[in-house]
Structures are given as C-alpha cells and as structure tokens.
Amino acid sequence: MTASTTTPSGDDAPLLAVDGLSVQFQTRRGTAHVLDEVGFTLARGQTLGLVGESGCGKSMTALAMMRLIPQPPGRIAAGSVRLHGRELLALPEAEMRRVRGNRLSMIFQEPMTSLNPVFTIGEQIAESVRLHLGLDRRAALAHAVDMLAAVGIPAPARRAHDYPHHFSGGMRQRAMIAMALACSPDALIADEPTTALDVTVQAQIFDLMAELRERTGTAILLITHDMGAVAEMADRVAVMYAGRIVEEGGVHDILERPLHPYTQGLVACAPGRRRTAPGETLREIPGTVPSLLRRAEACAFAERCEHARPLCRQRPPPGSQPASGRRVRCWLYPETTPADTASPA
Amino acid sequence: MNAPAPQTAPPLLDVQGLHVHFNTGGWRSRAQVHAVDDVSFAIARGTTFGLVGESGSGKSTTALAIMRLLQHSAGEIRLDGTDIGRLRGTALRSARRRFQMVFQDPFASLNPRKRAIDTVREALDLMAVGTPDGRAAQAAALFAQVGLRAEQRNLFPHQFSGGQRQRIVLARALAAHPELVVCDEPVSALDVAIQAQILNLMKRLQRELGLTYLFISHDLGVIRHLCDEVAVMYLGRIVERAPRETLFERPLHPYTRALWSAAPSFDSRERGRERRIRLNGDPPSPLDLPPGCGFAARCPFANARCHAERPALRRLTAHQHVACHRVDDDARAHYENDTAACTNSA
C-alpha cells in the first residue's frame, strides 16, 4: 500500500507525493471508506485541481495530508504523504506542527470561521511567523504588514490592527492567504478558497494566487467543485468520486476530452457555458452519490453511469493510462487499450 | 425609467419605481440604507426574468418586497394589473396563492419535524386548495410531479439530499397553483450535477404549468441558461436590463462587462486573467452613497460627470436599458476608446 515507486529525494522527485492514501471513519453503522487509495503528485509551481461533488473526499484528502483528521473516529488506514521525500504521516506530532503552516499551508472555504475574532489580523499572521521563523514580536508584525501589502490590502500598516469583523469577505480571504503564505510554504492547499465570495472578488483572489505562485514557486492543491475555477487556475486536474480518484490529466485534456463518464457529466452539466436554445435541457448526472459504508466491490459510479455493463457492477475497474500523463479508472478503458482518444459519449 | 414593457401582451408582473429603505444606526440616527432604489421591470407571462448582482446589490431585498415579506417604501408591484403592494389582511393572504417563493437553503426552509408529504399538504390546507378529501391525492401528485418517489413521502427532511429537499420546496411552492414563482438562488447550495437536475425540472414545470419565474442568482451561467430577460443590479439599482443574448453578447454597462469578464471562462487555453476588467476594492457602503453613479468609484472609465451626476436607466432600443453616462443613445459605449482592455465581452 505504501509508496514504492517514488524516489525519496533527488531533482526528479515531485515536491509533494500522495500515494495509496486510505482513510476510514468508524460510525455506528459500520466503517466508512472516505478515502480509498488516493494518489497524486505535485511539482514546484504547479497547480493541481481536485474536483468532485460534496462528500467525494476532496476536503478529507486535504485534512489527511495535514494530519488534521480527528482520530478517533477517523483513521489513516494506509498510504503515504511525502513532502520533499519526507514522510509526513510518520512524523511525531511536534515535528508535524513545524511543517503545518510553515512548509505546507492551508486556506479554508469560510474565512470568518477560520480567523479568531478576538485577535487582530496582524497578530494572527504574526503568530505563525514568530513560531516558525523565530522572529521577535516587532519583526513578526512588520512581516505581517508586508504580507498584507503583498495580498493587496490597502493601508496595510493600519489594517493590521483591525479585527476580522472589520474586513469584508474578500479582504478576509486575502488575510487568510497572507497568513498561509507568511512563511513561504512549499505547497499550499486551498480548500474552496472562493466559494463564499462574489465573482469579481473571486477573480481578484485567483489573480492574486496566480501572481504569488509565479513569484514564489509555491505549488497549489486547489480543491473545488467548480469546473470554471479549474479552467482558470489548474495545470492538472484530478477528479474524485466516492473517495477515489477516477480520472487525472492535464487541464486541457480533462475539459476538452474527458474520458471517465463521471468527468464527462461534470464538464457537460455546468450551465451557461455557451449560447443555448430556449427550452434546451442540461446534461444531468442522474441519482446521487452512493453511501461510503460499503467499500466499492465494483465501480462506485456504475449506478449512475449510462455506459455501465455487467462487469462494472461486479469488479472495481483497474487504473489504466490511455495516454501519457492521463490516468482513468473505468472499465471502458481496460489496461490493454492503446491511446484511444475518442470519448464514448 | 417608465419605459413600457417590450412585450405586447400586458405583463404578469409589473414593478415600477420600487424603493426599500431601512432605518439604521440606532435611535438618534437618521441614517437610511437604500437597499432597493427606484427599481422598475416587467415580466411577461410564461417567461423567466433574471436578477443578477453581487452580495448586497439588493436582489434578495427586491424579491422579498415583491413577495410582500418586507415592507417597501415606495413604488407599485402590479400582478396581473392588481397592485399587490397595497393589499392587506385577508386580501393579501388570498392573493398569496398567486405568487410563491423558493429560497436558497432547502435545509433552513423546511420544518425538520414535518414529514415531506405533510409539508406539501400543509400548503394545500393553508391555501384551501380544492376539497380536504382531495388534498391527499393532490399532495401525492405534486410529489410525483417534482420527481420524488412515492416511498419517500413519509421521510423527514434530513433523510433527503440537498437536491431532493429543493424538490420538496418546489412542490410546496406549486401547491397553490401560483402564476409567479420567485426563486432566490434556488440552486446555489447544490452540487453542479444536482443543479442541472433542478434547473431541468424548473424548465419542465414552467412548460407544463405555464409558470412565470423571477429568478435571482449570482451565477451568470445559471442566469444565461434559464432566463429570457436579465437585469443587472448594483448598489440597489438596476444598471442594465436586456434580453439574455443581447446582454451576454454585447453588454454595455462597464459593471456588466466587469462581471462577465470576472466569470471563469471554462476555456483553459484562454484564461480570463489577460482580458479581465479589474475592479478594485469593494462596493461603497449603501449607508453613504456617493452623489454620482454608484459604480464610479470602482469604474475604470468614470469621468467627472459620473462622480457628480447619477445616471438614469435609459431606454436605448425597444429591449435594452442602461444607466451609464458613457453609453450614448445609439448604444455606443464611448469608454471603449479609453483602453483596449474592455473590448472583450463574455
């Protein structure tokens, strides 16, 4: 289950490598397999979009990587998370605390609930700088002001003394980004960073993240349910369904020639992408996400899939690589098929 | 401002000069928030009218005022000729069966202790639809009409998914055979795959029942898919109003263009960053409105007149209305010469 193919160090090794990550939760009704052998890699300066519907395990992947899963009831059953070849899942908690917010940072969906209302914005940014970079109080606050300026907060020296409730939603998310980037992390996990924001503010935040990525080379794992956000930001895309990655590929391939029927549905069902005739209906994905209580003995998407065959309901599909840089987990693309790009839809 | 509706048949809903003001700032303060400021539009029967704008633009307040869930300060709300803004007591109550509402959050708008079918049944009872004996069958028919299965009738809201809950809310709204359904962000809380199911359902119901929708959303994709005519709101005012494709293919107001250009394009090869009209800062506080155009402070093309004088919503052609000093009566956007950055539209 643990990684065997990734070399621990060297120039070719990815910045961040997740392999075979499985997470289970004990519930009253049994064991929920919330992550099932999730794996991907992230290179320096790259953005990977992790997409899927609510409950597919996107956020759980982020929490597992940060080792923030409540245990119990949760448990990382198997897998590895390597940052610069160093296994994070094996680190003692004290050591992990030095990684979190320092080498590997995270920004959350709702900036109001992730900021402490009784400390000023400047104090909250300065805290992680003091802890991780060892600066004294005054130097840390000066660094916090610099970070606020870097994320485009006007009058940062004054606004650093404001409390979170003085900030608008967009400014709070900028402050969260400033906090996450204050220690120049190698990788940033952004969990639905713009979902609570208006579209013009979302555009500002995306521009900001792209600028910072170009300037600092920070790798970004962008968790989102919005294919538009993926088109805007990502280099590569991994699509999750029921705790598994069902397809992975470059952003153009995924959006223009999706292979897995689930990805095809996700791409096609977004409304308003083009001019539609009056009365035209949207492509639907029928049904809803299955329960995670039964570990997939078959393809988890088979119940909702228009291409499902008896085989799909009997055995889980193997992972295959229909083209270089693409992975898909679907019986439509058995291992032996050569690079066939025609989509079955 | 008082342009006639472009349709020949009288509109089902005709809103003229709607104002909603809130007093704020404590007992000594005279501060007023102009949440909705002189909003006018009309919706033809059987069509969908979209209100789009960012948080705080006054979309939801407009909806609540039309639903008579919030007292408006001035203006007329005519439903099929009757000013429902003046109705009180039982007259209002019996008129309510003609206009119903669907809210954003299907968790918050269903009673957690009521079975799904009883929620629908309650609406039939309250509106005294049909005979008491026939209502059980009617509730069951509504349940089937929105695509819920018969065996789900006696479940509680928490046993449904978000999309299914929104179906229950739709069934409840349709119980009284309304003509107008006001939908405030009905699919914003749903996953995109489920969103498509609900949007298709709403289109089917409109076809089958001849419904008229006032549809509020911040999601331009949803608006473009569903609406026949669209109004863009900013700081409590309509800044532009036009049929869907006119508005999406040739927006005139700088704010509309900025909004369109901010939306992710889905085209990973031509990302929005390069062609985007960048807006700085946030909208000004509605408590302290500038004297001129509400958008002037953020508008890249504002001139002295924009800061001094408030532009009225003018009718340019039979269908297109815009409130901007820099657009002339022939629908030419003069600010286009200012920079090449604004020549791209969505």
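**Entry 1: conventions.** I noted that this is a predicted model, in which local features need pLDDT of at least 70 and side-chain atom pairs count only at pLDDT 80 or more, while totals for chains, interfaces and linings use all residues. Residues are numbered from 1 along each chain as its sequence is written, and chains are lettered from A and ligands numbered from 1 in the order in which they are written.

**Entry 2: helix pair in chain A.** Helices here are DSSP runs of H or I with at least four residues, and strands are runs of E with at least two, numbered from the N terminus. The axes of α4 (residues 121-133) and α7 (residues 169-181) of chain A come within 8 Å and cross at roughly 20 degrees; axes are lines fitted to C-alpha atoms over the stretch in contact, with angles from 0 to 180 degrees between N-to-C directions. α4(A) is therefore roughly parallel to α7(A), the word used for angles under 35 degrees.

I then listed the residues that meet (contact: C-beta atoms, placed from the backbone, within 7 Å). From α4(A), I121(A), Q124(A), I125(A) and S128(A) face A175(A), A178(A) and M179(A) of α7(A). By class, these are 5 nonpolar, 2 polar and no charged (nonpolar: Ala, Val, Leu, Ile, Met, Phe, Trp, Tyr, Cys and Pro; charged: Asp, Glu, Lys and Arg; polar: the others, Gly among them).

**Entry 3: interface.** I recorded 36 residues from chain A and 35 residues from chain B in the contact between the chains. On the chain A side, α8(A) gives the largest share, 6 residues. That side has 14 nonpolar, 14 polar and 8 charged residues.

**Entry 4: sheet in chain B.** I traced an open sheet of 4 strands, in the order β2-β1-β4-β5 with antiparallel pairing (strands pair if DSSP finds at least two bridges between them). Its edge strands are β2 (32-43) and β5 (82-83) of chain B. β1 (residues 13-23) of chain B is joined to β2(B) by 8 bridges, and N23(B) stands opposite Q32(B).

**Entry 5: confidence.** I read a mean pLDDT of 87 for chain B, with 93% of its residues at 70 or more; pLDDT is the predictor's confidence in each residue, from 0 to 100. The model scores ipTM 0.78 and pTM 0.83.

Notes. Contact = placed C-beta atoms within 7 Å. Parallel < 35°, antiparallel > 145°, perpendicular 65-115°, else oblique.
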